[in-house]
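Here are a few notes to read alongside the model, written as numbered points.

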Amino acid sequence: MLYGVTGTLNIADMAQRIGLIGLDDRGLLHAGAALLGLAFLAKAALWPLNFWLVPAYAAASAPVAALFAIMTKVGIYAVLRLWTLFFPPGSGEAALFGADVLVWGGLATLGFGAIGVLASHRLSRLAGFSLIVSSGTLLAAIGFERVALTGGALFYLVSSTLAVSALFLLIELVERSRQNGGELALPEVAPEGTPFGVGMIDTPLPPADANLDDLEHALVGQTIPAAMVFLGLSFMLCTLLITGLPPLSGFVAKFAMLSALLDPAGMGIGVSAGASGAAPEIAAWVFLALLIGSGLAAMIALSRSGIRYFWAPQERPPPRLRVIECAPVVALLLACAALMVGAGPALRYARSAAESLHQPSRYIDAVMSTRPVRLRATVKGAPS
């Protein structure tokens, strides 16, 4: 449909011609763009097109689910790339086509994901809804058509993808620690009426002032297995990244987006130039509230899961972990730590990428001014 209207499949050439489409063909142009966007938004998990994501990712194995978390962002990249190229503010009557769908659809996706995170008790479903939260955040940020907000969203895209992928890889290891637990071997109790000391093991009683746990074992001197230390610390870092708490890269990403929303030139003036339906400032305030509220919901849900898997269990044998299973989790978390340490250069790079996206003339000029390379045919036995 887009080829029929524009006469080309070169997206740079197509972007040049979209602003010249007449009124008679504009309906076909919008229909073709809407169908293309629908396919990308289904992959990007826009509500209500995301009904497939949580069951599919929860049923997949840990490595496959981690890769799916990365692939979901491909749909978001396609939307960002083509929407900013085809429908920039200066493209005439087609300017900012579909901006309301991105803004309000992203906000609905963000709210839906936050509710799903709170309602989830299985870690696999919780990770799936966390992915939906990140998708909604990115789609809403794209629709506001602001360079500063898009730059923060690009930084958030990398951080959230790495964090959710690490969480998917961690789920199988955490579940393994739960499956290793069996029935606790309680000490035998002497029958009622047996004299004290008959048939009982002569064990020394702990001091009266000792700090005891529920099984009356001394807490001092008990060591935490290395496997549980690794799982607990990794889960804690994933929680900080997904919820956006300091000091990791998730906090830097959310702080960058909140700063763009609260910029003096923002609220209601230019922050949501793409949201043309309701008042722009309403969409910006709703996005700000959902951005903070989704982090709180994720903190509650992940803390609840942490208590269930790492705090409440007692006398459970630690799981056996292999280096090849732990290395990808460590690599992803170290990448997030590198983003935190190099937040300044990374944000500048994201801001530069956002400026290029919101000024598509640079890309169009670079493509259209490039001269094609002509390959000379060679015949066997003849000079080339």
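Is Glu145 buried or exposed?

1. Let me start with that residue, keeping in mind that this is a predicted model. Glu145 counts as buried, because its relative accessibility is 12% and the cut-off for buried is under 20%. You will find Glu145 in the loop between H7 and H8. Its backbone also deserves a look: although Glu145 is not a glycine, its phi is positive, at about 55°.

2. Please check the cis peptide bonds while you are looking at loops. One runs from Trp47 to Pro48, with omega near 5°; Pro48 sits in the loop between helix H3 (23-43) and helix H4 (53-59). Another cis bond joins Pro246 to Pro247, with omega near 10°. Pro247 belongs to the loop between helix H9 (226-243) and helix H10 (249-261).

3. Where does Ser120 lie? Look in the loop between helix H6 (99-119) and helix H7 (123-143). Ser120 counts as buried because its relative accessibility is 3%, against a cut-off of under 20%. Its side chain reaches back to the backbone oxygen of Gly116, at 2.6 Å. Once neighbours within four places in sequence are set aside, Ser120 is in contact with Arg125, Leu126, Phe129 and Arg304.

4. Now for the interior. In soluble globular proteins, nonpolar side chains tend to be buried together. Here, the largest nonpolar core has 95 residues, and those with the most contacts inside it are Phe86, Leu149, Phe168, Leu170 and Phe287. Helix H8 (residues 147-179) gives the most to this core, with 16 residues.

5. Val74 is part of helix H5 (residues 62-86). At 51% relative accessibility, Val74 counts as exposed, because the cut-off for exposed is over 50%.

6. How many salt bridges does the structure hold? There are two. In one, the side chains of Arg17 and Asp13 meet at 3.0 Å, N to O. These two residues are separated by about one helical turn, because they are four residues apart in helix H2 (residues 11-18). Arg17 is partly exposed, with a relative accessible area of 32%, whereas Asp13 is buried, at 13%.

7. The other salt bridge brings together the side chains of Arg351 and Glu355 at 3.8 Å, N to O. Arg351 and Glu355 are four residues apart in helix H13 (residues 343-358), so about one helical turn separates them. Arg351 counts as partly exposed at 38% relative accessibility, and Glu355 is partly exposed with a relative accessible area of 30%.

How values were computed
Residues are numbered from 1 along each chain as its sequence is written. This is a predicted model: local features need pLDDT of at least 70, side-chain atom pairs count only at pLDDT 80 or more; totals for chains, interfaces and linings use all residues. Side-chain values use heavy atoms; hydrogens and water are left out. Buried means under 20% relative accessible area, exposed over 50%, partly exposed in between (1.4 Å probe, protein chains only). A polar contact is a pair of N or O atoms within 3.5 Å; within protein, one must be able to donate a hydrogen and the other to accept it, and residues adjacent in sequence count only if both atoms are side-chain atoms. Contact means heavy atoms within 4.5 Å. A nonpolar core is a set of buried Ala, Val, Leu, Ile, Met, Phe, Trp, Tyr and Cys residues joined through side-chain atoms within 4.5 Å. A salt bridge is a side-chain nitrogen of Lys or Arg within 4 Å of a carboxyl oxygen of Asp or Glu.
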